[in-house]
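Here are some friendly notes to read alongside the model.

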Amino acid sequence: MIANIVKPGRNTRGVLNYLYDTVRSKDHTDPHQVASWDGFAPDPGRNPNATLAQLATALDLRVKQAGDRAPKAHVWHCSIRAAPEDRILSDDDWATIARRVLNATGIAPAGDPDACRWVAVRHADDHIHIVATKVRADLRQPRNWNDYPRADKELAAIEKEYGLRQVVRGDRTAAKRPTRAEQEKARRNGHATTPRERLRTTVRTALAAAASTEEFFQVLTGAGVLVDIQHFPSGDVRGYKVALDGDTNKEGQPVWFSGSVLAPDLSYPKIAERFTDAPAPPSPQAGHRRPAWQQVTDATDLIPDLLTRSDDGAAQAHIAVLAETLDALSLIAPDDLRPQLLKAAAAFERANRSRIRARHEQAHANRRAVKAILREPAPKDAAALAIMLDVIWLAVIAARHWHQARQHDQQAEAARQTAEHLRAAYQQASAQPTAVIAQRGQLLAVRVRERQVALLRQVLPGLAEQILAEPGWPALAATLADTQAASHNPAVLLAEAATRRELDTATAISDVLVWRLRRTADLPTTDNPDTPTRGNRPASTPAPAAQPANQAANRAARRR
């Protein structure tokens, strides 16, 4: 059940005209009152002798009496809508709900004889509209500050009591949605998304790529975005706003959006916090250094444990870096994986923020690794990407559990959606390299295969038969043999890999275990046993040429 409280208006009669109209508003049927301030308000929907003018006059009585003391915007209008799958509520149910919301918001406290005048009108099965005038009988204004969160809290209680769908609720940290006018303008111009949404994505990509505020603005400019930086008299940066080239208002001027309007965490102060005292990204020419994608995999693999044992501020910072990882990964991934990764990054944008203030200095090492990704070519090895995606998937699931434990409903749901997109990308990335390893599994000696079957049944008795029936079992058998050949205990590593969260939701358990084992045991990611992994890259191997971060971000902006 959702409440929508619109900006206060000045025309009571105009709102009533809309609520009772059935000619221009074809979806309005049988408009009528379900309740009013005294139970005797004129109801044009039920009484043929009552008129809209009479109802408007009755509602505006206290406004007229207050004269100049009445607020100019005196019309309070709130719609309350049930979920599509909810049962149809009776008029009496809606009347009770209306009174509870009015009491919760302070418009009409229960038992207050001087409360504001109001009516609740129903013109459809699934929702009502409450219209009130914001002058009490004692000619004072109501105390209705923070009316939306109070109405939302009351509706959450109503959902439980009435057995209705419990809507995922937010904490007022979500990015503002595009207005209807913005959506219509985008459709007229042939765009699937609005300038607000496209700018938000571009700014996030630039933030993931840049190593300083100066580079952040350079990346935005290089991506074709108009940037206006505001300064204090001292010369320090006060804020910024951005616009799309060609997106203009009726006067022909660019339509600007400040960072804080795009999203709360994109304001200049919030962005500057991420760069404060942040070490510069390492030079990609250091030949002994592990590739950036391996560094990110290592850093991301730690996030589930960090979320468990860190304080909330540090945990929120690690979740913010996880969002930057998804933004960066969508730039370097192969074309066939990019659609799912873009969806994952867009979904996790909501999971990235909460009321908890992030202590970004706790995540500088992870952030440094993420930014290095955009300065090196992406690995061509699909197996390496499969391992990275598995690690990121687990981190996103851990973030979901972290949000759930703190009742961050919208963030937890966003993380769930992100995990679904990541799972699809992971399955796609792992298919070919898994098939290569499976071919070796088919060639294992009979006694070796029998030993792996016995090991599986011993370590995972509840999952063994399911895994043995999967097409990916030969790849897992080969991996277990490789693990033992590398002087590891395959039983210990298999048990460890199986304890990671959400294994039971995997479409193919064997495929997931293959890549978790190969990562844990530092096994080669390809069929070539000489392929360097994690910590065994030869010092003599030259590092790939650097790739400027703004080039990657520019390509992303063109794609979007």
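**Notes on the predicted model**

1. Let me begin with the contacts of the protein chain: of those between residues at least 6 apart in sequence, 72% join residues at least 24 apart. Please keep in mind that this is a predicted model. The chain's secondary structure comes to 23 helices and 8 strands, and 52% of its 560 residues count as buried.

2. On confidence, the protein chain averages a pLDDT of 87, with 90% of the residues scoring at least 70. The highest mean, 98, belongs to strand E4 (residues 118-122), and the lowest, 49, to helix H23 (residues 549-559). Over residues 527-549 the pLDDT is below 50, and this stretch has 55 contacts in the model beyond near neighbours in sequence. Residues 555-560 are also below 50, and there the corresponding number of contacts is 12. Where pLDDT is low, the predicted coordinates should not be read in detail.

3. An α-helix has 3.6 residues a turn, so residues three or four places apart point the same way. At the start of H1, a side-chain oxygen of Asn-11 comes to within 3.2 Å of the backbone nitrogen of Arg-13.

4. Most residues other than glycine have a negative phi. As for accessibility, Leu-139 is partly exposed, with a relative accessible area of 22%, while Asn-146 is exposed at 51%.

5. Is Arg-196 buried or exposed? At 4% relative accessibility, this arginine counts as buried. Arg-196 belongs to helix H7 (residues 195-209), and its side chain makes a polar contact of 2.9 Å with the side chain of Glu-182. Setting aside neighbours within four places in sequence, Arg-196 is in contact with Lys-176, Arg-177, Pro-178, Glu-182, Phe-257, Val-261 and Leu-262.

6. Ala-243, in strand E7 (residues 237-244), counts as buried, with a relative accessibility of 0%. Its C-alpha is 6.1 Å from that of Val-225, a residue 18 places away in sequence. Apart from neighbours within four places in sequence, the contacts of Ala-243 are Leu-199, Val-225, Leu-226, Pro-254, Val-255 and Trp-256.

7. Thr-308 sits in helix H12 (residues 303-309) and is exposed, with a relative accessible area of 61%. A polar atom of the Thr-308 side chain lies 3.0 Å from the backbone oxygen of Pro-304. The C-alpha atoms of Thr-308 and Ala-399 are separated by 9.8 Å, although the two residues are 91 apart along the chain.

8. Now for some helix packing. Two packed helices are described by the angle between their axes and the distance between the axes. Helix H17 (residues 409-442) packs with helix H22 (residues 509-520) at an angle of about 80°, and their axes are 10 Å apart. That makes H17 roughly perpendicular to H22. From H17, the contact is made by Tyr-426, Ser-430, Pro-433, Thr-434, Ile-437 and Arg-440, and from H22 by Asp-511, Val-512, Val-514, Trp-515 and Arg-518.

9. Which residues meet where H20 and H21 come together? From H20 they are Leu-480, Thr-483 and Gln-484, and from H21 they are Pro-490, Leu-493 and Leu-494. The axes of H20 (residues 473-485) and H21 (residues 490-498) come within 9 Å and cross at roughly 125°. H20 and H21 are therefore oblique to each other.

Notes. Residues are numbered from 1 along each chain as its sequence is written. Side-chain values use heavy atoms; hydrogens and water are left out. pLDDT is the predictor's confidence in each residue, from 0 to 100. Helices (H or I, at least four residues) and strands (E, at least two) are DSSP runs, numbered from the N terminus. Contact means heavy atoms within 4.5 Å. A polar contact is a pair of N or O atoms within 3.5 Å; within protein, one must be able to donate a hydrogen and the other to accept it, and residues adjacent in sequence count only if both atoms are side-chain atoms. Axes are lines fitted to C-alpha atoms, for helices over the stretch in contact, and angles run from 0 to 180 degrees between N-to-C directions. Angles under 35 degrees count as roughly parallel, over 145 as roughly antiparallel, 65 to 115 as roughly perpendicular and the rest as oblique. Buried means under 20% relative accessible area, exposed over 50%, partly exposed in between (1.4 Å probe, protein chains only).
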